[in-house]
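Dear colleague,

I am passing the structure on to you below, with the sequence alongside. My notes on what was found in it follow, and I would be glad if you read them with the model open.

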Amino acid sequence: MTMIEAIRGAMDVSMERDDNVVVFGEDAGYFGGVFRCTSGLQRKYGASRCFDTPISELGIVGAAIGMAAYGLKPCVEVQFADYVYPAYDQIVSEAARLRYRSNGEFTCPIVVRMPTGGGIFGGQTHSQSPEALFTHVAGLKVVVPSNPRDAKGLLIASIEDPDPVIFLEPKRLYNGPFDGHHDRPVTPWSKHELSETPDGHYVTPLGKAAIRRQGQALTVLAYGTMVYVAEAAAAETGVDAEIIDLRTLLPLDLETIVASVRKTGRCVIVHEATLTSGFGAELAALVQEACFFHLEAPIARITGWDTPYPHAQEWDYFPGPARVGRALLATLEA
Amino acid sequence: MTQPAPLRFYVPEPAVRPGGQPDFSNVRIPEAGSVRRPEIDADPESIRDLAFSIIRVLDRNGDAVGPWAGTLTDEELAEGLKHMMTLRAFDARMQMAQRQGKTSFYMQHMGEEAVSCAFRRALEPGDMNFPTYRQAGLLIAGGYPMVEMMNQIFSNEKDPLKGRQLPVMYSSKEQGFFSISGNLATQFIQAVGWAMASAIKNDTKIAVGWIGDGATAESDFHAALAFASTYRAPVVLNIVNNQWAISTFQGIARGGSGTFAARGLGFGITALRVDGNDYLAVHAVAKWATERARRNLGPTLIEYVTYRVGAHSTSDDPSAYRPKTESEQWPLGDPVLRLKNHLIARGRWSEERHKQAEAEVLDDVISAQKEAEKHGTLHSGGKPSTRDMFEGVFAEMPPHLRRQRQQAGV
């Protein structure tokens, strides 16, 4: 099963089980979304539960908040994470705070799905990774799946969660695990064990990281596409890295992170998003607070550069396996 | 061909500024009773003119005239008068409480009492308002306890919102009063979403969005109109045009459009304009629009033409940007006085009874305030706990917040 099928499966299962789950967004109804994630849902559940919207991200999220206040559980699609900014006020000032400011009288169980990250030559308007803009907001949960099995379980968990969830789908992973070797043939999901996805309903709990590779030499903290880049970098450098797929950025599974770094004494953080005030900064701060006396090397951050996401220079920007590999070696030698 | 003259930049200005003579000659006021009352299923195209007129019921003599008259009994009108008087007395006391340091902030309704008080009477249990900060009449007219409102204003130990919200940002699901954000316009599209949900579930309830003249310039307003139009949502979209957005006159948001109601026409939304200081007209229009929504006839956009007599908030001084006597010149008069005169004209009220009623509502407000103050005011007495500050961010407190609560020593 591909990521797309897994994500669609999660919505299908949720809509089947709960009449209050509705799905909508730009091109999300009849056509089934530009990435096909909602394909077939309108035919199966009718246009009142899966429908097209005007091109207004503010409108999509604002309407979803009103629906959630009524008692529905909207799972909406923003076509690209790069397009979410018109909805930012609705997410930050409204969705995130509704439970708090009304003392629980009104709540906002919505999921805002959006394709994130680069690797598809999408330029600056189809490549961004804005997760830190959401982890910084009190009242939001932020999820980034890295494989079909997690994507389905995490999306079902997000839809069932009583609070708003920002669900970032690494678009370069939709059709296969991508390790950053853009010049090699694309690997399909069918060859990956995490593409085997249980039928029907299951939940991958929010706030739990997964150790993708056990190791002793250092800890890599990654999420989304970077999990595969880190795996490639470890394999190519021969560094015995412990690779942690965070899966949920907020709430964060600090316990798993701390146990690993205390064991290895070294930590490399990898994300596609820009460096400054990125989520890696938060991770670095948390790791040094909890593991200072276990650290044998400075914490390294390998990220996108602090420029807008370029077009022609995509692979100079993208923190690929060579750059991550150098960081692993440098951290090991430090 | 002559060369075109250099381009000129245009910034609208109100007719008069402080020191000038108030002038509302540009506000065209039709005679009471002169605007027709279409059937609720009238084609929006056939009633476009109603977005440019002003529906009025009470005339200069205090009589109810024309096709929009007659939606309320004398008893209901007397009750409506009491609601408006209560809101006014409530405002006066809370304004004073803010000056006494019992709360940080307050926003009064002076001059706009009819809009929310009369509208509330057109709603059914289960309907949902998405209000702004100047519709407390929805709560007063709905019978929500004033003590609860004051507990919220004082952020005291009985504050239903646990001290988390700015004063007057009430929330009451039971009253059909959605939590006020304080960010402008955001709730307008949420009201449309709520109404869409009601339609999706084949329910019978409707939603009501509220916005001020100034905030109609926000994108949220336009998204709300687009969605309401596209999905024919069972929603009433209310624009309270009180002429002033803090110091900014309504022309800055309205621009070249004739009226705010006319904004609905481009979206194919039925649009009405009504005398916001006329309790009977507000109620009649509210009845008409809520009935349309409930009968699946789609959204209605209503502009209430009114005037903000008081300051924007306790942090504002209007004498810096508009003539001090402007409110006295406002051609639509005072909503309380107009309803009072109507009831007197009908032989159902008198000056003596009015004085007596004023004393009664003041008593009610004062005793509510005494009760609320027993539970504390912003800087003295009982207050919400520091622990409350950490609760309710999520349904279940995540580990990082538990750690922070521990660090805070609570």
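The domain bounds used here come from an automatic or database domain assignment. For chain A that assignment gives domain 1 (3-195) and domain 2 (210-333), and the C-alpha centres of domain 1 of chain A and domain 2 of chain A lie 25 Å apart.

Please keep in mind that this is a predicted model, in which local features need pLDDT of at least 70 and side-chain atom pairs count only at pLDDT 80 or more, while totals for chains, interfaces and linings use all residues. Residues are numbered from 1 along each chain as its sequence is written, and chains are lettered from A and ligands numbered from 1 in the order in which they are written.

Between the two domains, 30 residues of domain 1 of chain A are in contact with 29 residues of domain 2 of chain A, contact being counted where the C-beta atoms of two residues, placed from the backbone, lie within 7 Å. On the domain 1 side of chain A, α6 (131-135), β5 (141-143) and α7 (148-160) each supply at least two of the touching residues; helices (H or I, at least four residues) and strands (E, at least two) are DSSP runs, numbered from the N terminus.

Chain A also holds an open sheet of five strands, in the order β7-β9-β8-β11-β12 and with mixed pairing, where two strands pair if DSSP finds at least two bridges between them. The edge strands, β7 (210-213) and β12 (300-304) of chain A, each pair on one side only. Within the sheet, β8 (residues 218-222) and β9 (residues 241-245) of chain A run parallel and are joined by five bridges, and A:Thr219 has A:Glu242 in β9(A) as its bridge partner.

Turning to the two chains together, 35 residues of chain B are in contact with 37 residues of chain A. The side of chain B that touches chain A draws at least two residues from each of α5 (186-200), α6 (219-231) and α13 (399-407) of chain B, and the largest share, 11 residues, comes from α5(B).

Chain B itself has 13 helices and seven strands. Its C-alpha atoms fill a box of roughly 75 × 60 × 50 Å, taken along the principal axes. Among the contacts in chain B with a separation of 6 or more, 77% are between residues 24 or more positions apart.

With best regards
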